[in-house]
Amino acid sequence: MPTFTEENYLKAIHKLAERGDGKPDVSTTALAAALRTRAASVSDMLRRLADKGHIHYEKYRGARLTESGRAVAVQTIRRHRLWEVFLVEKLGFSWDEVHEVAEEMEHLRSEVLIERLDAFLGHPTRDPHGDPIPSAEGQFNPRPADQCALSDVAPGIAPVRVVALVDTHVRFLQHLDLLGLRPGTTLTVVERYEYDGTARIRLCNDAESGNSEVMVSRETAQKVLVLPTTLPAGLTD
């Protein structure tokens, strides 16, 4: 059975591979940066994981998950994201508070506990940050073909809905709170300024409170993922 540290490494390799440019191998440097540790420590752990059959590892090429390594990584991710939903929806944590707590709770390996937690929460498919929650069988819902970054949305088109984030660090989440941007938020891009890519965004609220506008930098917009949507009855754009 993998140790807690080994689970953290396998989870990090999985996430980095997903965010990469299509290459299955994750470099030691990238992994050290993600885990905030020394490259030498990463190399030692990768050799240990390779000995256990959880990764394929070559010194100058990087690490790639095996089937057993992927299974451990995905189940760790599943537990983490379910606990994040529980902490936000049932215990009243804010979305910028839950990561460190869920990091500890994700190592509770009881399958019965996790399946009952999943059922108790109504089988959520995404965590509070919009990240997909894999099924008990380790399957992720495929990414929608029309999902894109907010920075790629042209001004004046139909409303879009925030579905996920590229960055979930605390300061970024707190910044989004100030802007009123969360998964589920519906908005339109009113105008984008050519000089620096800053966009004027209209948040689509209910008809009584009206619509508010915020300015969103290109850097922020690149980290917010959206899908096309249509406004329900009673809302205006």
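This is a predicted model: local features need pLDDT of at least 70, side-chain atom pairs count only at pLDDT 80 or more; totals for chains, interfaces and linings use all residues.
**Entry 1: R36**

I began with R36, which is exposed at a relative accessible area of 71% (exposed is over 50%, buried under 20%, partly exposed in between, with a 1.4 Å probe and protein chains only). R36 has a positive phi of about 55°, although it is not a glycine. I found R36 in the loop between α2 (28–35) and α3 (39–51); helices (H or I, at least four residues) and strands (E, at least two) are DSSP runs numbered from the N terminus.

Residues are numbered from 1 along each chain as its sequence is written, and side-chain values use heavy atoms, leaving out hydrogens and water.

**Entry 2: H123**

H123 also isn't a glycine, and has a positive phi of about 55°. I looked up its place: H123 is in the loop between α6 (111–120) and β3 (148–149).

**Entry 3: helix α1**

I checked the length of α1 (residues 4–19). Its 16 residues, at 1.5 Å a residue, should span 22 Å, and the end C-alpha atoms are 23 Å apart, which agrees (the expected span is 1.5 Å times one less than the number of residues). I then listed what is buried in α1: E6, E7, Y9, L10, K11, A12, I13, H14 and K15. What do the buried residues of α1 pack against? I get α2, α3, β1 (55–58), β2 (62–65), α4 (67–89) and α5 (98–105).

**Entry 4: the cores**

Next I looked for nonpolar cores (sets of buried Ala, Val, Leu, Ile, Met, Phe, Trp, Tyr and Cys residues joined through side-chain atoms within 4.5 Å). The largest has 21 residues, and L150, L176, L187, I201 and V224 have the most contacts inside it. At least two of its residues come from each of β4 (160–165), α7 (170–179), β5 (186–192), β6 (199–203), β7 (212–216) and β8 (224–228). With four residues, α7 gives the most to this core. Another core lies apart from it, with 17 residues, including L31, L46, I55 and Y57.

Leaving aside neighbours within four places in sequence, L187 is in contact (heavy atoms within 4.5 Å) with L150, P159, V160, V162, L181, I201, R202, L203 and C204.

**Entry 5: the cavity**

How many cavities of 30 Å³ or more does the whole structure hold? My search finds one. On a 1 Å grid over the protein atoms alone, a cavity is a set of points where a 1.4 Å probe fits but cannot get out; a pocket is an open set with protein on both sides within 12 Å along at least five of seven lines, and lining residues have an atom within 4 Å of a point. The largest cavity has a volume of about 40 Å³, and its lining is E84, W95, D96, V98, H99, H129, T168, V170 and L173.

**Entry 6: the pockets**

The largest pocket holds about 910 Å³ of space. I noted 27 lining residues, with A34, H99, E103, T168 and H169 nearest its centre. α1 gives the most to this lining, with six residues.

The second largest pocket has about 590 Å³. Its lining has 19 residues, of which E18, D131, P132, Q147 and L225 lie nearest the centre. Again I came back to α1, which gives the largest share of that lining, three residues.

Technical notes: Grid points are joined across faces, edges and corners, and a volume is the space filled by probe spheres set on the points.
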